[in-house]
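Please look over the model below. This report covers a surface patch, a sheet and a core.

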Amino acid sequence: RVNRAHEAPIAALAASPDGKLIASAAWDGEARVEDAATGAETRRLKGHKDNVNGVAFLPDGTIATAGYDATMRLWPADGS
C-alpha cells in the first residue's frame, strides 16, 4: 500500500506501543497519525511553525513531535 498523505518529504515514522497506529512527521509542518491496518488518517497534528523532523509514541500513547522551529510538542493520547 502506498499512502500519499503528506505534501512534502516524510522525515520520521513511529509505531504506537500497541502497533495499531503509525505516526509520520514531514516537512509540510505536520505530523499525521494513521490506522496501521487500514491506512485511514485518525489525527492531524498541527502547531509547528516549520518542518517536523521527529515523532515518537511514549509508553502511555502520548505523541511527541519535534520541529525545525526549535520546539517539541506533546499531543495527548486521547486526541484532545
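Ile10, Leu13 and Ile22 make a nonpolar surface patch of about 270 Å². The model is a predicted one. Is isoleucine 10 buried, partly exposed or exposed? Its relative accessibility is 46%, so isoleucine 10 counts as partly exposed. The cut-offs explain the label: partly exposed is the range between buried, under 20%, and exposed, over 50%. Across the strand pair, isoleucine 10 stands opposite alanine 26 in E2.

**The sheet**

Which order do the strands take in the sheet? Four strands form an open sheet in the order E1-E2-E3-E4, and the pairing is antiparallel. E1 and E4 are the edge strands, each pairing on one side only. From one strand to the next, the twist averages 20 degrees.

| Pair | Residue ranges | Sense | Bridges | Facing residues |
|---|---|---|---|---|
| E3 and E4 | E3 30-35, E4 41-46 | antiparallel | five | alanine 31 and leucine 45 |

**The E3-E4 hairpin**

E3 and E4 form a hairpin, with five residues between them. In the turn, glycine 39 has a positive phi of about 80 degrees. Alanine 37 is also found in the loop between E3 and E4. Alanine 37 has a relative accessible area of 68%, so it is exposed; the cut-off for exposed is over 50%. How far is alanine 37 from aspartate 60, C-alpha to C-alpha? The two C-alpha atoms are separated by 21 Å, and the residues are 23 apart along the chain.

**The core**

The largest nonpolar core has twelve residues in all. Ala12, Ala14, Ala23, Ala25, Ala31 and Val33 belong to this core. So do Leu45, Val52, Val55, Phe57, Ile63 and Trp75. E1, E2, E3 and strand E5 (52-57) are the elements that give two or more residues. E5 gives the most, with three residues.

Alanine 31 and leucine 45 are both core members, and alanine 31 stands opposite leucine 45 in E4.

Notes
Residues numbered from 1 in each chain as written. Predicted model: local features only at pLDDT ≥ 70, side-chain atom pairs only at ≥ 80, totals over all residues. Heavy atoms only, no water. Patch = residues over 30% accessible without salt bridge, like charges linked within 9 Å, V, L, I, M, F, W, Y side chains within 5 Å. Areas by Shrake-Rupley, 256 points an atom, 1.4 Å probe, with all protein chains shown as cover. Salt bridge = Lys/Arg side-chain N within 4 Å of Asp/Glu carboxyl O. Buried < 20%, exposed > 50% of the residue type's maximum accessible area, 1.4 Å probe, protein only. Pairing = 2+ DSSP bridges. Axes fitted to C-alpha atoms, helices over the stretch in contact; angles between N-to-C directions. Core = buried A, V, L, I, M, F, W, Y, C linked by side-chain atoms within 4.5 Å.
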